[in-house]
Amino acid sequence: MSDYQHSPATRRILTSLVPVICPPEAAELGITDAIVDHVGLTMGVLPAAFRAGFVLGLRTYDLGALAFPPARGRRAHRLPPELADRYYESWLHGPTPIHRQLAIAIGQLLKLAHYEQPAAQERLGYRPAAWIEQVKRRRLEVYSADIQRHAQSLIEPDPLPGIAPHARSSKKGAA
Amino acid sequence: MVAVARPALRQDVRPDGVYTRDDLHGDTVLDADVVIVGSGAGGATLAAELAEGGLDVVVLEEGRYWSTRDFTAEASQMIRQLYRDGGATMAIGNPPVLYQEGKAVGGSTVVNGGMSWRTPEKILDRWWREAGLDGIRAKDMEPYFERVERRIHVRHQDPESVGKDNLLLKQGADAKGWKVIPNLRNQVHCPGSNNCAFGCPTGAKQSALVSYVPRALHFGARLYSDVRVARITRDGKRATGVVGHVVRADGSNGHRVTVRAKLVVSACGAIHSPALLDRSGFGSPSGMLGKNLSLHPNVKLVAIFDEDVRGWEGVHQAFQVREFKDEGLLFAAVNIPPSILAMTTSHRGAELGALMADYDKMVVAGMLCEDTNTGRVRNVGGKPQAFYQLSDFDADKLKQGCALLSEMLFAAGAKRILLPFALGPHAGELKGPDDVRRIFSEPVPKQTMEVVTVHMMGTAAMGSDRTRAVTDGFGLVHDVDRLMVCDASLFPTPIGVNPMETIQALATRAAHHVLSNPRRFS
């Protein structure tokens with residue numbers, strides 16, 4: 001995992017894309033910054049070349065708005081909501097696979113980040129941790145004998161047919 | 001603002017015999033009878049059997065050592081920790097195929113669904129017949145399958161662990177009169193936490209991490225996590241060991257690690273094994289190293305019901321619909337967290353919010369397709385890159401599968417279905433059973449298909465003929481001494497079912513071969 005952090009420019013562009021990609025609740029819940037932070041965490045584990053390409057793509061996306069007539073010379077992160085939406089659509093249905101793939105990747109990272117926020121999950125009623133704790137406890141209460149039996153079997157000798165276990169050579173090497 | 005990770009996963013429970021980057025304070029040289037690169041289904045199984053047989057085994061694993069208590073429902077954090085490149089790995093083609101590999105002690109068994117099926121008899125017969133593999137038919141493999149199933153505790157689920165999404169899937173299959181069977185899974189009273197793909201938080205799933213790895217350690221194997229192997233060393237045509245580096249926290253190379261061994265085993269999966277052999281200079285006279293990549297293309301669809309489903313409450317894939325097995329299609333319910341589901345839809349903004357408001361009413365169903373085309377893995381800039389072209393035949397099969405699966409889910413009461421591809425210029429959505437025919441009447445642009453996989457196979461295939469296969473029937477590389485492959489790379493063909501148990505049975509068989517021929521490997 002790299003120690004990647006967004007540059008101020010990347011952060012500005014991603015922040016401007018949150019209302020384009022994420023549900024309106026992102027603003028209501030006050031999680032826009034958290035979403036952009038989360039995108040950074042994901043980018044930190046992407047292959048370096050992929051990450052560099054994505055950052056370059058974001059910059060290109062931002063500057064590309066200068067050539068988008070309705071934007072009237074503004075960069076993407078400065079566009080009002082309706083125009084920002086139209087500009088994103090223009091990339092999503094863009095002329096080359098690179099336009100389309102970048103738009104899809106932006107959307108995927110932001111949507112992932114949005115629904116990883118506890119507040120967004122709570123709004124869906126998605127509470128997996130509570131479920132896991134409940135069933136984990138029940139399993140140990142009901143089946144502990146079987147669980148122990150299998151755990152013990154994992155360390156009992158069971159040589160392959162025709163293979164006699166023999167004293168292993170001593171460990172070598174130095175750590 | 002600085003991005004801050006949630007609290008780090010705990011690593012305070014580490015068994016004897018496991019060494020991490022924190023233990024390696026300088027360049028390190030180890031000697032062993034056997035060095036195994038990779039600790040997943042193949043590597044861990046082989047390690048346990050060889051260690052029990054008395055050999056001195058060192059296992060090297062690029063990923064970290066995590067324990068059961070480290071696994072949580074925080075999906076994206078788990079993906080960052082447990083998947084190679086955060087899961088953003090892709091075979092280039094039209095459409096691109098996203099694939100995922102585990103990168104942790106236990107390999108992909110830590111993040112798989114836990115399906116444990118024997119290799120179908122017809123596949124083993126085909127390998128015997130077409131690849132000339134002796135001792136590979138069902139009756140020959142029976143003791144190895146039986147042994148693996150005992151070790152990883154292959155069973156049907158306890159009934160109380162089955163959730164509503166799976167019951168609806170079964171209800172749909174029953175309504176159509178289709179064959180549906182309970183899945184066999186490697187689990188000890190799995191309670192249905194539905195977190196398989198992010199590490200089992202209950203310890204019920206018998207991944208290599210909690211089965212073969214502890215067994216290997218018990219019999220004296222040493223396991224070094226956080227070590228990335230650069231190449232296999234050689235002396236002429238004989239493999240002599242491996243050289244790699246400690247992986248630092250930032251992913252860069254740290255101290256050098258050298259292992260000298262009498263037998264070298266590559267068990268790092270069908271993407272990385274051929275790449276490791278290739279960059280170590282072990283070409284194959286067959287020219288097949290890295291070729292023959294098959295990957296069971298998967299697509300999923302989302303069915304939305306009127307009633308509450310809460311798909312995260314209950315086991316992952318309790319059933320498999322086997323009605324179309326002979327056509328190479330399997331169906332199952334595969335709940336995924338909202339974040340992953342959202343990122344795979346084409347919805348955004350308010351539309352996305354409206355869709356996700358029904359998350360608790362969704363059944364996510366996936367299908368596995370036994371593919372007919374093959375791709376390849378190449379080293380690009382020192383790293384493996386997969387290339388794979390979905391054939392028109394398989395694309396049609398996936399469309400057909402989606403139509404069948406949609407019919408089945410409508411029969412179970414679904415109100416609408418989101419497809420994994422566009423219909424004409426629009427997002428693919430079906431509003432009722434009468435809509436299913438649109439899958440065939442409207443164009444489905446191949447590039448809009450969302451294809452994923454976790455079953456990469458075949459890139460160092462077994463076969464008796466050294467001019468057509470990379471390894472012999474035990475995974476020993478043709479024309480090289482003391483070099484073995486032990487993972488799904490070995491499969492001569494796709495197998496049409498989940499591959500873990502096949503890998504483990506082949507590893508057990510390979511261990512038996514090594515231990516039965518001590519002079520050859522001493």
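This is a predicted model: local features need pLDDT of at least 70, side-chain atom pairs count only at pLDDT 80 or more; totals for chains, interfaces and linings use all residues.
Residues are numbered from 1 along each chain as its sequence is written, and chains are lettered from A in the order in which they are written. Local features need pLDDT of at least 70, side-chain atom pairs count only at pLDDT 80 or more, totals for chains, interfaces and linings use all residues, and side-chain values use heavy atoms, without hydrogens or water.

**View 1. The interface of chain B and chain A.** Chain B contributes 82 residues to the contact and chain A 65 residues; contact means heavy atoms within 4.5 Å. The two chains bury about 6,300 Å² between them, with 58% of it on carbon and sulfur atoms. Buried area is the accessible area (1.4 Å probe) that two parts lose on being put together, summed over both. On the chain B side, Arg80(B), Met343(B) and Arg348(B) lose the most area to chain A, together 12% of what that side buries. The two chains are joined by 5 salt bridges (a side-chain nitrogen of Lys or Arg within 4 Å of a carboxyl oxygen of Asp or Glu). One salt bridge links Arg150(B) with Asp158(A), whose closest N and O atoms are 2.6 Å apart.

**View 2. Strand β2 of chain B and its two partners.** Strand β2(B), residues 28-37, is mostly covered, with 8 of its 10 residues buried. Buried means under 20% relative accessible area, exposed over 50%, and partly exposed in between (1.4 Å probe, protein chains only). Strands (E, at least two residues) and helices (H or I, at least four) are DSSP runs, numbered from the N terminus. β2(B) runs parallel to β12(B), residues 253-266, over 9 bridges. Here Ala32(B) has Ala261(B) as its bridge partner. β2(B) also runs parallel to β3(B), residues 57-60, over 4 bridges. There Val34(B) is partnered by Val57(B). Two strands pair if DSSP finds at least two bridges between them.

**View 3. The enclosed strand β15 of chain B.** β15(B), residues 329-333, is largely enclosed by the rest of the structure because 5 of its 5 residues are buried. Leu329(B), Phe331(B) and Ala333(B) point one way; Leu330(B) and Ala332(B) point the other way. In a regular strand the side chains alternate between the two faces of the sheet. β15(B) pairs with β16(B), residues 362-369, in the antiparallel sense over 5 bridges. Ala332(B) stands opposite Gly366(B).

**View 4. The hairpin of β17 and β18 in chain B.** β17(B), residues 376-380, and β18(B) pair antiparallel over 5 bridges. Val377(B) is bridged to Ala386(B). The hairpin has 2 residues between the strands, and Gly381(B) takes a positive phi near 60 degrees. In β18(B), residues 383-387, Pro384(B) and Ala386(B) form the covered face, while Lys383(B), Gln385(B) and Phe387(B) form the uncovered one.

**View 5. Helix α7 of chain B.** α7(B), residues 269-279, is mostly covered: 9 of its 11 residues are buried. Among them are Ile271(B), His272(B), Pro274(B) and Leu276(B). Gly281(B) follows the helix and has a positive phi, near 85 degrees.

**View 6. A nonpolar surface patch on chain B.** Met90(B), Ile92(B), Leu98(B) and Val452(B) make up this patch, with about 290 Å² of accessible area together. Accessible areas come from the Shrake-Rupley method with a 1.4 Å probe; for residues, only the protein chains shown count as cover. Patches are made of residues with over 30% relative accessible area and no salt bridge; like charges are joined within 9 Å, nonpolar side chains (Val, Leu, Ile, Met, Phe, Trp, Tyr) within 5 Å. Met90(B) lies in strand β4(B), residues 89-91. Met90(B) counts as partly exposed because its relative accessibility is 35%.
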